[in-house]
Amino acid sequence: MATITIDDKEYTVPDGKNLVDAAAEVGVDIPHFCYHPGLRPDGNCRMCLAEMEIRPGQYGLITSCNTRVKDGMKIKTDTPQALSNRKGVMEFFLLNHPLDCPWCDQAGECRLQDYSFAHGRSESRFVETKRVPPKKDLGSHIVLFTTRCILCQRCTRFCDDIAGTSELGIVQMGSKSEISTFPGRPLDNKMSGNVADICPVGALVTKDFLYKPRIWHYEKVDTLCTGCSSGCNITLEVMGQKIYRIRPRTNLEVNQYWMCDDGRFGYHAWQDVDRLKTPLKRVGDKLEPTTWPEAVRIAVEGLSAEGGSQTAVAGSPMATNEENYLLRKLAHLALKTSHIGLHRKPAGETWVSKSGFRIEGDKSPNARGAAAMLGAEDMQTVFDGIETGTVKRLYLLGGDIERALSETERATLGKLDFLLVQDVSRSELVALAHVVLPGAIAFEKNGTMTHVGGRVQRLAAAFPQPGGARMDSDIIHYIGRQLGADMGASDPQTIFDEIAGQIEGYAGLNYETIGKSGAMTRGAGSSEAAGG
Amino acid sequence: MALEFSPEARKRADEILSRYPQDRKKSAVVPLLHLAQEEWGYVTPEAMVCVADMIGCSPVKVAEIATFYPMYNKQPVGKYEIHVCHTLPCALTGCAEVLGYLSEKLGLQPGETGEDKRFTLKKIECLAACDRGPVMLVNKTLYTNLTPEKIDDILKSLE
Amino acid sequence: MAAPISVLTKELRENPRLADIDVYIAQGGYKTVEKVLKSMTPEDIVNEVKNSGLKGRGGAGFATGMKWGLCAERFPLYLCVNGDESEPGSFKDRLLLEGNPHRVIEGMIITCFALKINLGYLYMRGEFFQIIDQMEACLKQTKAHGFLGKDILGTGFDLELYPQAGAGAYICGEETGLIESLEGNRPYPRLKPPFFPAAIGLWGQPTIVNNVETMAQVERILDMGAEAYKQIGSADSTGPRLFGMCGHVKKPGIYEYDSTVTIRELIYDVAGGIPGDRKLKGVIPGGISAPILTPLEIDVPAEFGAMGKIGTMGGTGGMIVMDETTSIVDALLNASSFARHESCGQCTPCREGVPWMNDILRRIKEGKGRSEDLELLLDICVQIHGRTVCVFGQAPGVWPVRTMIVKYWPEFKACIDQKRLVVLPVDESYLKPDQYEFVPPVPGNFRLKPEAVAAAGG
């Protein structure tokens, strides 16, 4: 650790830490534009200049973003020079900047606005002609309002060093410089949306968010992306039970500062899909809407036939740890069956960026957690059971709007006497079921999921289930009780406390310790390398 | 359709690339763009892709270079590209008159190329020949101590 | 007054064919390299150069021996020689590269041997077409004669030197801009600290960046010895200087003198005075970025120290002389347009502030200046100075603006008041030195004294 002085106050900070970060840690804001903790420092905006003691009593200007803390360092961020510099830099930025605030997407989360208010002039001294370069469509997701760009180079550094795809460059020279792509080579990497996050002004914006309502209208919900097993931490911006934007949350252990485009823009598919809003029952070769009491009655009758020993349950990698745990509890307590499976999704290719950011090939968020909860890795034993006739009935969790079934799966499931499917849309699983219970999507759930590396993290619900759909944990709990079992607590937080006591690797964890950034599980079923 | 250097130019390009350590091919971008301009008259996006492939980087990184430096033309120029220095020492010794005279004789404003594609007239910054101003480059040849008479002789010699 | 000397330029004045290695060798060329490689250690050479007091000839005047001493010993090391001469008023490197390229190469070989460097690049302006071709040929000749390549002169020392062309950007003359250009990047100068080339340079390795003329001086020092070299000039500025006289002088050209010669002597005795014997209005003494001197300030020797003391700089020794017919407003607009054209655009103050100042100056020239414009210009200077990534923001960004406006305040004021380009009679166009002050140590830091502003009418 190092002891440093900022504006005549002493602080203890990690030795060698970046000065902007160290100052932020102790509550001192050193204004900056081009610096970003996830990118190498560039020092081009000049906003972060502060004064450092270079000789006893003598101070000189330094670039804070490019300076590492050393024991005994003395910094002043509020000298006349430092303040005059900020005012000057703000004036320079705004010389050619268009007065777009009323319709610029960045309004409300714009550094130019914030710093202008804090450090800038209230009137412009510029009476010359502004530059007006035209705006550019950079790729599938990103638009560049060139007039607003301050050439901080965060976007080019991102494409070069993080994505590794180098689609962006700066063309021309001097004050005519512009961000650009190469003709015929648009900005189309798998993480392109991040450039709009890191752009400190409204120059780079996503087409997805273009002209949507102002950011202060939204309720923010911190949760997880469920597009793959990377478990990226995200924040939803919600209004009127609809998602308007998704952005990554910083978690240095999981996704650093980033998320991929599939996750960022994929919420439309979930919001637009035709949801199951009532239970369904099979009548002939059709599925018809029915009531909850009726659906539950059929479910209980079907599952408990012949004492339940020939009934299997199959959890889902789309469902939370709590949901999968409850399903196993139901199997043990209510059905007294040992036939437990996990209906995994076949994995595709994993993509790794230059910086090591991963988009996992497993497009389900909780295969690892589900396997630990269920004590089952896949459907092998259950399918074998169906083939040999020892399994005749199945309670299957779905929840994936894109899960296509293989011919083998379809054939095997077709041999069941009774299939109860809990799902969110009319999926291929639903088409095979005898009775269907409408569940929730990730945006409507509270609970935890465990990412591919063994970190257990919290999901938070952003809005309620539509129509007659219910939270899956509630449904499983209810079915269990109707089957006569004491299912214990029904709220995810208490269920997790039970998990901590029961499932190896989850000991000592609870919602408090998991917090907003998750916690590593350990031992069998978790990552050895994590240690703790 | 990918542009390729002629065998002659390819040899020259290989010699240029050999001047740098194996893993530092990007250093050749400036000389290779000069070579491309020699080969094809000016630097097109296709030429940038060709150079990018040779040095193993994405084409926009070559565009960054090609659009930064003034010597690379992104549009075709006339057979004779004239650069007249207009920085202070030459300004003091009469470049305004020279530029005006040339402009009149060629019927071109600085920045323009003639319809007949013979001449392009441009202004340029200091050419480091300040004791012999006004000066101008005609393609690669430097002409110094310019006067209207001298300009007449030079233009005549370019017939 | 100081007598002309010919330590650097004797041979090339007398012999136009020195680019031919056989001619160069016949004149005693490459003897210094032989002597140095065979009988001196690298440490000996560095000490000799330190002892000589040589100051870099690229404009900054940093002690070369000290720069070499700062070179981290982390192999490989590289040499980059700066032949990107683009400073308006500077044309001495062209002379050396054209007229005596082998001396420059010889200096490079000695430097590389002294610093244990095995790979070096000579970066030259892209517009120096014939010079580049000639240098390629010269380097081939040098290698063929065994002074480059492997195991040079049987000493076990390997060295390859290559030419590198620029492509028309002044910022490549900044040492880290040059390195970025050589790496194939946009030539954006680097943050210092930590990217001082001697610590982290070309491809992340310790790199020495020296000017072309400095290389030639190194060869001279090792030829005649530091003691003899120190006898030339003064303790502050040893060795010969190449002064480039241009603008309104009767005999423009490069003149080799030692640094004790005064500016007045250079203008009137060396360069023959002003055509038509017109009056002097001002002289920019070190290339366009150097703060201007009024006719009352030219009795100063061209030493680096003496020039620095009065707020200007020795720079590259390129003197732009302006007579009474010159509009200083127009001259400043020219300098400002040059800066606007050459700003690389990396950092905010220079990218935005330099064009802004240019716009204001253009308006003033066109007669649309406002009374607040001069204060505004000086304020913009404050906002740029010392706050940029590299020195471009200061010179040529701020220094010409600040010093010309301060010293020639009456002429600027007249243009604004009369709403047209006015050329005042010389003696009325500038302020007396007691009406402004220089705030050391950085050149160009001039301020009007409040009484001067009042006297000039506000």
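Is C:Tyr30 buried or exposed? With 22 C-beta neighbours inside 10 Å, C:Tyr30 counts as buried, because 20 or more such neighbours are needed for that class. This answer, like the rest of this report, rests on a predicted model.

## Backbone features in loops

C:Tyr30 is found in the loop of chain C that runs between α2 (21-26) and α3 (31-39), and its phi is positive, at about 65°, although this residue is not a glycine. A:Gln241 lies in the loop between β12 (233-239) and β13 (242-248) of chain A, and it is partly exposed, with 13 other C-beta atoms within 10 Å.

Chain C also holds cis peptide bonds, one of which runs from C:Phe75 to C:Pro76 with omega near -5°. C:Pro76 lies in the loop that connects α5 (64-69) with β1 (78-83) of chain C. A cis bond also joins C:Pro440 and C:Pro441, with an omega of about 10°, and C:Pro441 is placed in the loop between β9 (436-438) and β10 (446-448) of chain C.

## The fold of chain C

Chain C has 20 helices and ten strands, and its C-alpha atoms fill a box of roughly 75 × 45 × 35 Å, taken along the principal axes. A compact globule of 458 residues would have a radius of gyration near 23 Å, and the 22 Å of chain C agrees with that expectation.

Of the 458 residues of chain C, 61% count as buried. Among the contacts in chain C with a separation of 6 or more, 71% are between residues 24 or more positions apart.

## Where chain C touches chain B

The contact between these chains takes 42 residues from chain C and 33 residues from chain B. On the side of chain C, the elements that give two or more residues are β3 (160-165), α9 (175-183), β5 (240-247), β6 (253-258), β8 (318-323) and α14 (328-342). Of these, α14(C) gives the most, with six residues. Sorted by class, the side of chain C that touches chain B has 20 nonpolar, 15 polar and seven charged residues.

## The domains of chain B

Chain B, the partner in this contact, is divided into domain 1 (7-68) and domain 2 (80-157). The centres of domain 1 of chain B and domain 2 of chain B, taken over C-alpha atoms, are separated by 29 Å.

Definitions and conventions. Residues are numbered from 1 along each chain as its sequence is written. Chains are lettered from A and ligands numbered from 1 in the order in which they are written. This is a predicted model: local features need pLDDT of at least 70, side-chain atom pairs count only at pLDDT 80 or more; totals for chains, interfaces and linings use all residues. Helices (H or I, at least four residues) and strands (E, at least two) are DSSP runs, numbered from the N terminus. The radius of gyration is taken over C-alpha atoms; the globule rule is 2.2 Å times the number of residues to the power 0.38. A residue is buried if 20 or more other C-beta atoms lie within 10 Å of its own, exposed if 12 or fewer, and partly exposed in between; C-beta atoms are placed from the backbone. Two residues are in contact if their C-beta atoms, placed from the backbone, lie within 7 Å. Ala, Val, Leu, Ile, Met, Phe, Trp, Tyr, Cys and Pro count as nonpolar, Asp, Glu, Lys and Arg as charged, and the others, Gly among them, as polar. Domain bounds come from an automatic or database domain assignment.
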